[in-house]
Amino acid sequence: MRGISGFYLFIIALFAGMLFINARYFRGSTFSNIGVTYAKEYKISSDRSGRIKRVHVVPGQEVETGDLLLEMENAELDIQIMKLSTQIKSLKKEKEEKKQLLVSKMEYMAAENGIKLEELDAEIQMIASEQALNRRLTDRYGLAAGPSTPLQAGLGPEDLRVNSLVEKRKLHQQAAGIRMKDFRKDHQTSLMVLDNQMDLLNRELALLVDEKKKLNKYATEPGVIKSVSVLNGEEVDAFAPIITINPKHPSSVVGYSVGTASHHAVLGQRVTVSSFDDKRNAVQGEVIGFGAIVELPLILQKSTAVKAFGKEVFIKVDEKNSFATGEKVLIK
């Protein structure tokens, strides 16, 4: 009986051990709060074809945001920029010349108008002098015109000539003012056309200069150079991959939940992610999605022949953390 009882006790202990192993290592047993940090590498590609002028980094090198990775040049782009710059300079010079032409033309027209007015004034003055002389001679020798003469009526030939010249002077001055006004208006229209042309060229030049700046590549975030696909002096096509960078710190965590405990996690839930080796190294995270039931990564497997499975839980964490990519973490 003792042998039989010992046998039953052994069977019961074995059964209890199997239940324990099943509860600890098999799917559906308990909730697993262990995960692995994850960061996706990012590639830097050329925006357009060109020649690699100089590569400033090598694989394995750490870079910070804004670090210059490589310099690149494009001969066609340089020619376009030089051509536009020359056109803009030419238009600026033309504008200055037209401004000087306006000043010179206005001065010439003013001088021409002044000369004509002086001629008319001189002619009017000469007629007035002749009239004064005739009056003095008339008064000296007692000559007098008849009552019906035009001179007595104030309508003598000289008076008519003076009135005509005064009117001619007035009309000439008005015409000269109109000509100067029209010339100034035409000149301003011409300058406006030049300004519009320069504005369009400046905008096009700014776009090309911006494209040239984009030829040089800079690190967009801290990381480690994984690979460099080009060499100094090499010609590359547009959109060709140049450099691959691994982020220095992970931006997400893939956790694995097991059994009914997985139903406790919901989208948007805030969790605490801490290093498996150092619980003080922790950051806040947010559940952003769920995946399939998969085999746990090797780093999370127990030292047993039994493979563990769990449902993927994707957690977003602040990129300003001190975790290493692929590090084992605890999720609470």
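Accessible areas come from the Shrake-Rupley method with a 1.4 Å probe, and for residues only the protein chains shown count as cover. On that basis, the protein exposes about 21900 Å². Carbon and sulfur atoms supply 58% of this area.

The model is predicted: local features need pLDDT of at least 70, side-chain atom pairs count only at pLDDT 80 or more, and totals for chains, interfaces and linings use all residues. Residues are numbered from 1 along each chain as its sequence is written, and side-chain values use heavy atoms, with hydrogens and water left out.

The protein has three helices and 14 strands. Both are DSSP runs numbered from the N terminus: helices are H or I of at least four residues, strands E of at least two. Of the 332 residues, 29% are buried (under 20% relative accessible area, 1.4 Å probe, protein chains only). Contacts are heavy atoms within 4.5 Å. Among those between residues at least 6 apart in sequence, 77% join residues at least 24 apart.

Pairing requires at least two DSSP bridges between two strands. Strands 2 and 9 pair antiparallel over four bridges. Lys 43 has Thr 244 of strand 9 as its bridge partner.

| Strand 9 | residues 241-247 |

Ser 252 counts as buried because its relative accessibility is 18%. Leaving out residues up to four places away in sequence, Ser 252 touches Val 36, Thr 37, Tyr 38, Ile 315, Lys 316 and Val 317.

Key. Buried means under 20% relative accessible area, exposed over 50%, partly exposed in between (1.4 Å probe, protein chains only).
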